[in-house]
Structures are given as C-alpha cells and as structure tokens.
Amino acid sequence: MSSHDDFSASPGEHALVATSLGDGARALRADHPPTRLRARYGPWAVVTGASDGIGLAIARELASEGLDIVLVARRGDVLRDLAAELSQKHGTTALVVACDLATDTGISALRAASEPLDVALLVASAGFGTAGRFVDGDLTTELAMIDVNCRAVAALTHYFGARFARQGRGGIVLLSSLVAFQGVPRAANYAATKAYVQSLAEGLGSELRPFGVDVLASAPGPIRSGFGARANMNMSMALTPDVVARQTLRALGRTSLVRPGWLSKLLELSLAMLPRWGRVKMMGLVMGGMTKHLG
Ligand SMILES: NC(=O)c1ccc[n+]([C@@H]2O[C@H](COP(=O)([O-])OP(=O)(O)OC[C@H]3O[C@@H](n4cnc5c(N)ncnc54)[C@H](OP(=O)(O)O)[C@@H]3O)[C@@H](O)[C@H]2O)c1
C-alpha cells in the first residue's frame, strides 16, 4: 500500500488510511531483535482511543516495542499525524481507522479493517466520563457513554477474544479504573461502566487463559489527559498517561489487574479497609472536590 491511501473517506463514513514504511525505517526495524511484547503479541496490535491520553501513550509505547498498529478513534487527522510520527521514529506500519465506536457502523469498520491483519493484541482505551448528579445530566450522553465504554468493549472483546483463542495466543487490555470497585456519587454512570469493564476482564481472563490469551484490567487513578475536560472534572492531582502505558504493558501477561502509578495505589490503600458503603461515601467526598465548580 502506498503512503496515505484512502480506502473510504466520504463524509459521514469511516475513513481508513494506510501508512507504509520508509526504507530508512525498515532498516531501523530490521536492526532490532523482537521484544517480549512483539514476540508474544505481535505483529499487529489494535489500539482504540489512540488519538489522545492513555491510548495515545500506549500506541507510542507499542510502536517503540516494534509492533505495527491499527490506530482507532474518531479524529482521523490526529491519527494520521500519529501514524506518520510512528513510521518515522520506529518504522511502524500503522493503519488508521477513523470511526465512532458508539455506532454499529464504527465497530463493523474496525472489524473489517482488522480482518486481514495478523492481530494478537487489543487495547480498548476509547472511553469517556461525565460528572455531576446523574439525574441532572443529559440522558443521550449517558447512554452514548454506555455504548462506547461497555457495548463497544463487549463487541470488540467478543470478536478479538474468539480470534485470539482460535490462533492460540493473544492479549486483551481493558481500561478499568479506580472508580470500578464501588459506586461513585457524581460519577454514578461512569463508575458503573467501569465496574462492567472490570468484571468482564476478570471473567474473560479466566475463560481465555487455557487458550493462551492474556487479559489485563488496568485500573488507573486520575490521569492528566483529554478525559478531565470532557468529563468536566477538575483533576489537579493526576499522573501522566505515559506512566499508565509503561506499567500496563509491563504487567500484560504477568498479572490480571494492574493499578498503574503511585496515586492509584495510594487511593486504593486508603479505601481498602472500608466497608463498601464507606468506600462509596469516601469516593463521594473525592468526587465532590473534583466537581465543586458544578455546584
Ligand atoms: N484519565 C483518567 O483519569 C482515567 C482514569 C481511569 C481510567 N480511565 C480510562 O482510560 C481510558 C482512556 O481515557 P483517557 O484518559 O485517555 O481519555 P482521553 O484523553 O479523553 O482519550 C479518550 C480517547 O477515546 C476516544 N474516543 C472517545 N469517544 C469515542 C468514540 N465514540 N469512538 C471512538 N473513539 C472514541 C477519543 O478519541 P476521539 O475524540 O478522537 O474519538 C480519545 O482517543 C478511558 O476508557 C477512561 O475511562 C481514564
């Protein structure tokens, strides 16, 4: 495929763009022996939410480990720039799938684009949150959140989980959260979507292990990314997405749950001794601080 071939770019439809390897980049790649991640989960990884935050940091980390990547998000222009960056820096071949994962069309586009590729890793990072009292929020947005955070994750883990089990190897990384382990006032629906993801990862991990497929739930605390602005949360204390990317990928294939960064570990420690109702109350206080500006 030539650099930046458009397979489909009509308005309102998904757009797929291929970025090819330059000769210099190919030589750069050939010099490196395969890393643990490439040997176990390569050659292709699918990363959703690759245009920002944690997904972007994970895509960069995977590229530096020698994997080729299907980059997924709605903002195709951002993904195209990223594809060019990864190709130039690491000799990565990247396929851009610009699609809305809240829709069946978007999910089908991703499945169709991935079908011919030798994929053995799915990182499902696309997601968003909201803040404030659930009944005051916009119902359409709350239902769209369930579509992206849960429905798309179910569809993609079902498809790739079956593929990986058939091929006898693979990895699935799901973005859980500190909020997944109890109800959270002022982020009630968001926390419920993450409880779904956490539970899915645990059950699926046990089902797929005998088939050579590793499932990892990554449960960060507050991370500085596009998330806070979109959710309207004030995250003055937060870690960077790079920390999550590094620690999550290091944990893949070694454990089933990782809490990346000192902040998530500290927050979990402060919640650990409390009964479930106490955790809900404590998280209500934390979220109250992060959403004070909403009144
Ligand atoms: N940041 C935190 O504090 C935090 C903590 C714990 C867990 N998490 C979880 O980590 C994951 C990543 O969050 P983040 O901090 O990286 O947020 P972010 O910086 O806002 O990135 C979210 C990504 O999801 C994509 N996305 C959102 N809606 C989409 C849709 N309908 N279709 C396709 N792609 C969509 C966005 O791309 P486009 O806008 O281009 O579509 C973007 O690439 C989420 O699942 C989140 O719940 C975040």
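## How helices 3 and 9 pack

Let's start with a pair of helices. Helix 3 packs against helix 9 (residues 241–251) at an angle of about 55 degrees, and their axes are 8 Å apart. Helices here are DSSP runs of H or I with at least four residues, strands are runs of E with at least two, and both are numbered from the N terminus. The axes are lines fitted to C-alpha atoms, for helices over the stretch in contact, and angles run from 0 to 180 degrees between N-to-C directions. Helix 3 and helix 9 are therefore oblique to each other: angles under 35 degrees count as roughly parallel, over 145 as roughly antiparallel, 65 to 115 as roughly perpendicular, and the rest as oblique.

Who touches whom? On the helix 3 side you'll find G53, I54, L56, A57, I58 and E61, and they meet P241, D242, V244, A245, R246, T248 and L249 of helix 9. Two residues are in contact if their C-beta atoms, placed from the backbone, lie within 7 Å. Sorted by class, the contact of helix 3 with helix 9 has eight nonpolar, two polar and three charged residues. Ala, Val, Leu, Ile, Met, Phe, Trp, Tyr, Cys and Pro count as nonpolar, Asp, Glu, Lys and Arg as charged, and the others, Gly among them, as polar.

## What kind of model this is

This is a predicted model, where local features need pLDDT of at least 70 and side-chain atom pairs count only at pLDDT 80 or more, while totals for chains, interfaces and linings use all residues. Residues are numbered from 1 along each chain as its sequence is written.

## The overall picture

The protein's secondary structure comes to eleven helices and nine strands. Of its 295 residues, 46% are buried. A residue is buried if 20 or more other C-beta atoms lie within 10 Å of its own, exposed if 12 or fewer, and partly exposed in between, with C-beta atoms placed from the backbone. Look at contacts with a separation of 6 or more, and 69% of them join residues 24 or more positions apart.

Helix 3 has another partner. Its axis and that of helix 4 (residues 76–90) come within 10 Å and cross at roughly 25 degrees, and the two helices are therefore roughly parallel to each other. Helix 3 passes helix 4 in a right-handed crossing. L56, A59, A63 and S64 of helix 3 make this contact with L82, L86 and H90 of helix 4. Five of the residues in the contact of helix 3 with helix 4 are nonpolar, two are polar and none is charged.

Now for helix 6 (residues 139–167) and helix 7 (residues 188–208): their axes come within 9 Å and cross at roughly 10 degrees. Helix 6 and helix 7 are therefore roughly parallel to each other. Their contact includes M145, I146 and V153 from helix 6, along with Y196, V197 and L200 from helix 7. By class, the contact of helix 6 with helix 7 divides into eleven nonpolar, five polar and one charged.

## Around the ligand

There are 28 residues surrounding the ligand, and the closest are G49, G53, R74, G127 and G226. A residue is near a molecule if its C-beta atom, placed from the backbone, lies within 6 Å of it. Helix 3 (53–64) and helix 8 (226–231) are the elements that give two or more residues to this shell. The shell divides into 13 nonpolar, ten polar and five charged residues.

## Spots in the loops

A few loop residues are worth a look. P43 sits in the loop between helix 2 (36–41) and strand 3 (44–48), and the peptide bond from G42 to P43 is cis, with omega near 0 degrees. R186, in the loop between strand 7 (170–175) and helix 7, has a positive phi of about 70 degrees although it is not a glycine. R186 is buried, with 22 other C-beta atoms within 10 Å.

N232 also has a positive phi without being a glycine, near 60 degrees. Its place is the loop between helix 8 and helix 9, and N232 is partly exposed, with 14 other C-beta atoms within 10 Å. Finally, G212 lies in the loop between helix 7 and strand 8 (213–218). Neighbours within four places in sequence aside, G212 is in contact with G168 and R169.

Notes: A crossing is left-handed if the near helix is turned anticlockwise from the far one by less than a right angle, and right-handed if clockwise.
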